[in-house]
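Student: I would like to go through the labels used for this model and hear what each one rests on.
Tutor: Then ask about them in turn, and each value will be set against its definition.

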Amino acid sequence: MADVQDATPGVPADLLDERLIQNEGLAGYAKVFWNRLRGGELGSLPVVVGLIAICVVFYAQDPRFLSSYTLVSMTQFAAPVGIISLGIVLVLLLGEIDLSVGSVSGFSAACMAVFVVDHGHSMFLGMLVGVAVGATIGLVYSLLYLKLGVPSFVFSLAGLLAFQGGLLYVLGDHGTINLPSDSGLVQFAKFGFVPDLLAYVIVAALVLASLGLQLVGRARRAKAGLSTGSLGLLLVRSALLAVGLLWLTSYLNVDRGWSYLWVLFAALVVVLDLLLRKTRWGRHLFAVGGNEEAARRSGIRVGRIYLTVFVGCSTLAAFGGLMSAGLLTSVSQSSGTTDTNLTAIAAAVIGGTSLFGGRGSAYAAMLGIIVLQAIQTGLNIVNVDSSVRFIVTGGVLLLAVAIDSVSRRARTSSGRG
Amino acid sequence: MTMVTESPVRESVLSLTGVNKRFGAVQVLTDIHLEVGAGEVVALVGDNGAGKSTLVKIMSGVYQPDGGDIRFDGRSVSVPGPAQAQAMGIATVFQDLALCDNLDVVANLFLGREKLVGGVALDEVAMENEAWRLLRSLSAKIPSVRLPIASLSGGQRQTVAIARALVGDPKVVMLDEPTAALGVAQTAEVLNLVERLKEQGRGVVLISHNMADVQAVADRVVVLRLGRNAAEFKVAEASTEALVAAITGASDNVVAARAARHEGEKNDG
């Protein structure tokens, strides 16, 4: 791109404007970071600060809170609702809501359980049925939204009630269906833990893959005459990631290690994050969430985006419900009731997905569910009444939304949208 | 003051003849003629309800005309939809710009036409380079293409919207009230852009209520009134008074009289 560069040779094509504040070196990055905070671009900082505060408080109450055993259980039990929460992130990015994910998760799990236990089909087929049930529900939702114009709040509220009824109907007079403990699902979700050595290999592969991709991206930008970030910062970040993950792995390996369930959740988060940031579909999703009319005029098939999102959300909800059933080895009348629902939605919001659409990331679901699971586990360890648990969770949710609203105002006044 | 209803000297890129459009019982456009040459800025003026926006929407494929002929590049064409208009080479910048505030400049420029690498992943590098090329070709003043649209001024947003219209290298660019919401300096910036489009040899249709803007950049002014061609001026020879009179249709005015007479002659012939 020589014609772009000819104005001032030596300066990358995207840094030519004299008004651009040049920030180089670590001090520069600190300054950029600080300006971002002041501009309401809080990112995940409030959540991380909150999580540290939670850890400190509960650790002071009872040191068992940060033991390997607790952390392993925490991640394992956070994963199913985390998977459901991923779907919520998708829906929130469009500025819509799905209140029925909990009920859908319970209903799908019940369908799977009846299919497997009562009708004697294989677990694989049962899970396929469960996921298909979720996808079908999402399909119906998107038709309601696109063809009839029913607001998502209303049809998902209807779904919340209807599929809770569906759960009771499918279970019939069973009340509870226990899954055979030798089934693949239970083995995977409840008893599956990554072997110590494999865990290290996975972490190393992950860090190297991320580093490699970033280096390739840097090289491409440099070749095209565009600015590249500081190589030092990139290396420092990768090193920190590697050290952090390896240390966490060794700490968890003292107990059972990473659960397969959590690894599955993490993999889903990474895949969804890549889909959102690096593909046409993700770009279009953000566009529709930001300005639907603009997206439509750009030739984006808006209806198709809604369809994929509603189907994706319900499918993830169903999948999360199946994992939850596997972890608890049973489906009961209380599977996926209000608690699951609101936890999934709260996690997405606490993690930093805006309720107003167009802002958020897949990692929000992961951060949010860790915070909520930490609070829940902590309160259980300290042995407080479930009434307090609900009150605290409610308070945290309110705080998260308040932070979202305030930072939105700061963004508007500092021109960050 | 001269009427230039004879076929223009330049090769016309886009030409409309006898276009009609009806909404229910209302005849919005009657027998509209419009020619846009390459490297020519045609201002489309008229009072509210004169049919300017409808005409633009017909040219950009949003509405279908009830009758009449649209010729583009010498061929008779139909414009079945906005996407086809764009593919053909007619780009439109609507008044509300239609940008996504939460996305950055690059994402907005290529929205719906993203470049891919390896068939799946977005090619951010190629898009960013192309974005800089487009913006520099307009001498646009955007500090960074990685800024979200929300942090840009009104004039910069207009610039991005115009740059986006250029992504497909169109032959005709239609601008619907590009200066309506802008301050003095930003208006000047946008007028510079219009001149740049002209230099690049593109036909420009400029809708505006601002006579000063029209007289500053347009080559010809086409006046619509109540859905008909009311008058047409060469800008160099038109006074603001004459334009305003043609727009408002003051009946004791020579322009309206000539226009009516000419219309009569044409219908007879």
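Student: Why is Val222(B) called buried?
Tutor: Buried means under 20% relative accessible area, exposed over 50%, and partly exposed in between (1.4 Å probe, protein chains only). Val222(B) has 1% relative accessibility, so the residue counts as buried. This is a predicted model in which local features need pLDDT of at least 70 and side-chain atom pairs count only at pLDDT 80 or more, while totals for chains, interfaces and linings use all residues; side-chain values use heavy atoms, with hydrogens and water left out. Residues are numbered from 1 along each chain as its sequence is written, and chains are lettered from A in the order in which they are written.

Student: Where does Val222(B) lie, and which residues is Val222(B) in contact with, leaving aside its neighbours within four places in sequence?
Tutor: Val222(B) belongs to strand E11 (residues 220-225) of chain B; strands (E, at least two residues) and helices (H or I, at least four) are DSSP runs, numbered from the N terminus. Contact means heavy atoms within 4.5 Å. With those neighbours set aside, the contacts of Val222(B) are Leu34(B), Val42(B), Ala43(B), Leu44(B), Val45(B), Asn229(B), Ala231(B) and Glu232(B).

Student: What does chain B hold in helices and strands?
Tutor: Chain B has 9 helices and 12 strands. Of its 269 residues, 53% count as buried.

Student: How many bridges join E4(B) to E5(B)?
Tutor: E4(B) and strand E5 (residues 75-77) of chain B run antiparallel and are joined by 3 bridges. Here Val77(B) in E5(B) is the bridge partner of Ile70(B). The hairpin of E4(B) and E5(B) has 2 residues between the strands, and Asp73(B) takes a positive phi near 60° there.

Student: Why is Ser103(A) counted as buried?
Tutor: Ser103(A) has 2% relative accessibility, which is under the 20% limit, so it is buried. Ser103(A) sits in helix H5 (residues 101-118) of chain A. Beyond neighbours within four places in sequence, Ser103(A) is in contact with residues including Gly159(A), Phe163(A) and Asn341(A). Chain A has 17 helices and 2 strands, and buried residues make up 46% of its 417 residues.

Student: What is the area buried between chain A and chain B?
Tutor: It is about 2900 Å², with carbon and sulfur atoms giving 55%. Buried area is the accessible area (1.4 Å probe) that two parts lose on being put together, summed over both. Arg280(A), Arg283(A) and Arg297(A) supply 24% of the area that chain A buries against chain B, more than any other three residues. The contact takes 32 residues from chain A and 34 residues from chain B.

Student: What makes Arg221(A) and Glu128(B) a salt bridge?
Tutor: A salt bridge is a side-chain nitrogen of Lys or Arg within 4 Å of a carboxyl oxygen of Asp or Glu. The N to O distance for Arg221(A) and Glu128(B) is 2.9 Å, so the pair qualifies. Across the interface of chain A and chain B the rule finds 5 salt bridges.

Terms used: Two strands pair if DSSP finds at least two bridges between them.
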